[in-house]
Amino acid sequence: MTIEQNRSALLQSPAGWEELFDSLKKDEKFLSLVDRVAREASQEKVYPPLPDVYRAFSLVPPSEVKVVILGQDPYFHEGQANGLAFSVGKGTKLPPSLVNIYKELSYEYSFPIPRTNGDLTPWAKQGVLLLNSSLTVQDGEPNSHANYGWEEVTDRAIDFLDARDQYIVYLLWGSFAQKKAERIHSPKAMLIKTAHPSPLSASKGFFCSDCFYRANRYLKEKGLKEIDFQIRDVG
């Protein structure tokens, strides 16, 4: 794609999020971010594919957000990142953190652990915003776009949601995600803090945390439909 095509992809406003993105497009810092990523993506591999950068937003209008799961940045190998935090395409080898997420779900709900399906799109379609703090990454370079300005964009998205009059559960996994708690003030928000599901920390407070069950219990208490977190294998 050309630089201009890349810019066009990064200047789209996902349905329902126009107010947020229209305000961003008036911000010179955001426009500089768009230009930087557009140029880089025209010269080397950037993930996810730029049309999928705002996929987390596109799948869940703000009025339908019930759960927010915060990641750090997209997967950095080809064929992994699909625009949703912790998610990969069907048939793609499951990253270790996602395997541990599935293990926790199996503990909480006795779900079979998927082996071939890491696509969390069904969660998004039920109101789970799977949001990475940085929305792009360079091939093979984790956190390579962490200082580009994406974090300000996603912080403003959290602020935008926090200002809405709706019940939302925030699953804050690990210290990075938990730093976002200071932005959340709504009396209708529930914050669930656990260790990160990565192999280095899952045993320190993610496993056996009942985080998914607790999220669903809160939604049920507030009269909202619970999330079906079960992901089934392909085929």
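This is a predicted model: local features need pLDDT of at least 70, side-chain atom pairs count only at pLDDT 80 or more; totals for chains, interfaces and linings use all residues.
**Figure 1. Glutamate 151 and lysine 180 join in a salt bridge.** At 31% relative accessibility, glutamate 151 counts as partly exposed. The closest N and O atoms of the two side chains are 3.1 Å apart. Glutamate 151 belongs to helix H7, while lysine 180 lies in the loop between H8 and E6, so the pair ties together parts that are 29 residues apart in sequence.

Figure 2. The salt bridge between aspartate 155 and lysine 180 spans 2.7 Å, N to O. This pair links distant parts of the chain. Aspartate 155 is in helix H7 and lysine 180 in the loop between H8 and E6, 25 residues apart. At 12% relative accessibility, aspartate 155 counts as buried. Arginine 183 also forms a salt bridge with aspartate 155, with the closest N and O atoms 3.6 Å apart. Arginine 183 lies in the loop between H8 and E6 and aspartate 155 in helix H7, so this pair ties together parts that are 28 residues apart in sequence. Arginine 183 counts as partly exposed, at 26% relative accessibility. Which residues make up the network of salt bridges? Glu151, Asp155, Asp159, Lys180 and Arg183 are linked in it. The count for the model comes to 10 salt bridges.

**Figure 3. Aspartate 162 is buried yet has no salt bridge.** Aspartate 162 is placed in helix H7. The nearest side chain of opposite charge is that of arginine 183, 8.3 Å away. A salt bridge needs the nitrogen and oxygen within 4 Å. What does the side chain of aspartate 162 reach at 2.9 Å? It reaches the backbone nitrogen of serine 186. Leaving aside neighbours within four places in sequence, aspartate 162 is in contact with Tyr170, Arg183, Ile184, His185 and Ser186.

**Figure 4. Lysine 66 is buried and has no salt bridge.** Lysine 66 is found in the loop between H4 and strand E2 (67-71). Glutamate 64 is the nearest side chain of opposite charge, at 8.6 Å. A polar atom of the lysine 66 side chain lies 2.7 Å from the backbone oxygen of lysine 225. Neighbours within four places in sequence aside, the contacts of lysine 66 include Gln126, Gly127, Tyr167 and Ile168. Val169, Leu219, Leu224, Lys225 and Ile227 are also among them.

**Figure 5. Tyrosine 54 and tryptophan 150 form an aromatic pair.** The count for the model comes to 15 aromatic pairs. In this one the ring centres are 6.2 Å apart and the planes stand at 80 degrees, so the pair is edge-to-face. Tyrosine 54 lies in the loop between strand E1 (46-47) and helix H4 (55-59), and tryptophan 150 in helix H7 (residues 150-162), so the pair ties together parts that are 96 residues apart in sequence. Are these residues buried or exposed? Tyrosine 54 counts as buried, at 1% relative accessibility. Tryptophan 150 counts as buried too, at 0%.

**Figure 6. Tryptophan 173 pairs with phenylalanine 212.** The ring centres of tryptophan 173 and phenylalanine 212 are 5.8 Å apart and the planes are at 70 degrees, so the pair is edge-to-face. Tryptophan 173 lies in strand E5 (residues 168-173) and phenylalanine 212 in helix H9 (residues 211-221), so the pair ties together parts that are 39 residues apart in sequence. Both residues are buried. Both also belong to one aromatic cluster, which includes Phe86, Trp123, Phe206, Phe207 and Phe229.

**Figure 7. Charged side chains lie over tyrosine rings.** The charged end of arginine 36 sits over the ring of tyrosine 148. It is 3.6 Å from the ring centre. Lysine 188 lies over the face of tyrosine 167, at 4.8 Å from the ring centre.

**Figure 8. Alanine 181 sits in the loop between helix H8 (174-178) and strand E6 (189-194).** At 14% relative accessibility, alanine 181 counts as buried. Not counting residues up to four places away in sequence, alanine 181 touches Leu172, Leu191 and Lys193. How far apart are alanine 181 and lysine 29 in space, C-alpha to C-alpha? They are 24 Å apart in space and 152 residues apart in sequence.

Definitions and conventions
Residues are numbered from 1 along each chain as its sequence is written. Side-chain values use heavy atoms; hydrogens and water are left out. Rings of Phe, Tyr and Trp (its six-membered ring) pair if their centres lie within 6.5 Å; planes under 30 degrees apart count as stacked, over 60 as edge-to-face and the rest as tilted. Helices (H or I, at least four residues) and strands (E, at least two) are DSSP runs, numbered from the N terminus. Buried means under 20% relative accessible area, exposed over 50%, partly exposed in between (1.4 Å probe, protein chains only). A charge sits over a ring if NZ of Lys or CZ of Arg is within 6 Å of the ring centre and within 35 degrees of the ring normal. Contact means heavy atoms within 4.5 Å. Lys and Arg count as positive and Asp and Glu as negative; His and the chain ends are not counted. A polar contact is a pair of N or O atoms within 3.5 Å; within protein, one must be able to donate a hydrogen and the other to accept it, and residues adjacent in sequence count only if both atoms are side-chain atoms.
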